[in-house]
Amino acid sequence: MNAIKSIALALSIIGSASAIAAPAASVKPTVILVHGAFADSTSWNGVAAKLRADGYNVIGAANPLRSVKGDAAAVATIVKSVKGPVVLVGHSYGGAVISAAAYGQSNVKSLVYVAAFAPDQGETALELSGRYPGGTLGPALAEPVALPDGGKDFYIQQDKFHQQFAADVPKAQAELMAVAQRPIAEAALTEAASAPAWKNLPSYFVYGTADKNIPAAALKFMADRAQSRKTVAIPGASHVVMTSRPAEVAKLIETAAQTN
């Protein structure tokens, strides 16, 4: 009888331990969203709402848009502050930032590139955007704003913002996005990338086929080179595919979050 009681007690302890351990094993990763040039964290609102509804903790990182190295360091501090796994998501220039920010970070489990640059070491965003035909950003830019350090800030002309940047977003919404756009420093676009994390981490890509900032051919090239686990090319979507097609983007992010 004592032997039976001992076995029952052992099973009870094992069952309790399993119940305690189960939630830890099922904890969802935190999703960190990194915006790119001419945008801010609100560009992720639709994606963030979907992810939060599905039980994910979401952080919209403020990307300084000053230099790849400095911006990556800023994002890396956020990554390090998270206790648990992270899915790092970057839009446009933000792709170059997450490629550097995730390097050597043990809690980053996967990367998601949303109409984003995935540069190899030594490459620049400016060079990659012009490697394939189809980009029309140059003529849409306003006169550069001179900075005290001798550098320049770039904005998109507000009257050209809708068609250039967000053609599949309602006009009224795009006009407000144009007003709130964040400028990017010329130095950030011409800075050579360091060793990229996509060579060591599972990567996923989504972009629109009507992207006018980064030609679809360039985006496909970078996805193929990174051996993307899943690439989604959305017909007719603009550069701000996360704003115009949040459900598809959120779905890919959740796929990346479930990567083993």
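Reader: Why is Phe 161 called buried?
Author: In this predicted model, Phe 161 has a relative accessible area of 0%. Buried means under 20%, so Phe 161, at 0%, is buried.

Reader: What makes Phe 165 count as buried?
Author: The relative accessibility of Phe 165 is 0%. The limit is under 20%, so Phe 165 counts as buried.

Reader: How do you know that Phe 161 and Phe 165 are separated by about one helical turn?
Author: Both residues belong to helix α7, which covers residues 158-165. They are separated by about one helical turn because they lie four residues apart in that helix.

Reader: How many aromatic pairs does the structure hold?
Author: There are four aromatic pairs. One of them joins Tyr 113 and Phe 205, with 4.7 Å centre to centre and 15° between the planes.

Reader: Why is the pair of Tyr 113 and Phe 205 called stacked?
Author: Two rings pair if their centres lie within 6.5 Å, and planes under 30 degrees apart count as stacked. The values here are 4.7 Å and 15°, so the pair is stacked. Tyr 113 is in strand β4 (residues 108-114) and Phe 205 in strand β8 (residues 203-208), so this pair links distant parts of the chain, 92 residues apart. Tyr 113 and Phe 205 are both buried.

Reader: What makes the pair of Phe 161 and Phe 165 tilted?
Author: The centres of Phe 161 and Phe 165 are 4.8 Å apart, and the planes form an angle of 50°. Stacked needs under 30 degrees and edge-to-face needs over 60.

Reader: Why is Ser 43 called buried?
Author: Ser 43 has a relative accessible area of 8%. That value is under 20%, so Ser 43 is buried. Ser 43 is found in the loop between β1 and α2, and among the residues it touches are His 35 and Met 242.

Reader: How do you know that Glu 123 and Arg 225 meet in a salt bridge?
Author: A nitrogen and an oxygen of their side chains lie 2.8 Å apart. The limit is 4 Å, so the contact counts as a salt bridge. It links the loop between β4 and α5, where Glu 123 lies, to helix α10, where Arg 225 lies, 102 residues apart.

Reader: Why is Glu 123 called buried?
Author: Glu 123 has a relative accessible area of 13%, which is under 20%, so it is buried.

Reader: What makes Arg 225 count as partly exposed?
Author: Arg 225 is at 24%. Exposed means over 50% and buried means under 20%. A value of 24% falls in between, so Arg 225 is partly exposed.

Reader: How do you know that Lys 220 forms a salt bridge with Asp 224?
Author: Their closest N and O atoms are 2.7 Å apart, and the limit is 4 Å, so the pair is a salt bridge. Lys 220 and Asp 224 both lie in helix α10, four residues apart.

Reader: Which residues do salt bridges that share partners join into one network?
Author: The network consists of Glu 123, Glu 127, Arg 131 and Arg 225. Within it, Arg 131 and Glu 127 meet at 2.7 Å, N to O.

Note on methods:
Residues numbered from 1 in each chain as written. Predicted model: local features only at pLDDT ≥ 70, side-chain atom pairs only at ≥ 80, totals over all residues. Heavy atoms only, no water. Phe/Tyr/Trp six-rings, centres within 6.5 Å; stacked < 30°, edge-to-face > 60°. Helix = DSSP H or I, 4+ residues; strand = E, 2+ residues; numbered from the N terminus. Buried < 20%, exposed > 50% of the residue type's maximum accessible area, 1.4 Å probe, protein only. Contact = heavy atoms within 4.5 Å. Lists of a residue's contacts leave out its neighbours within four places in sequence.
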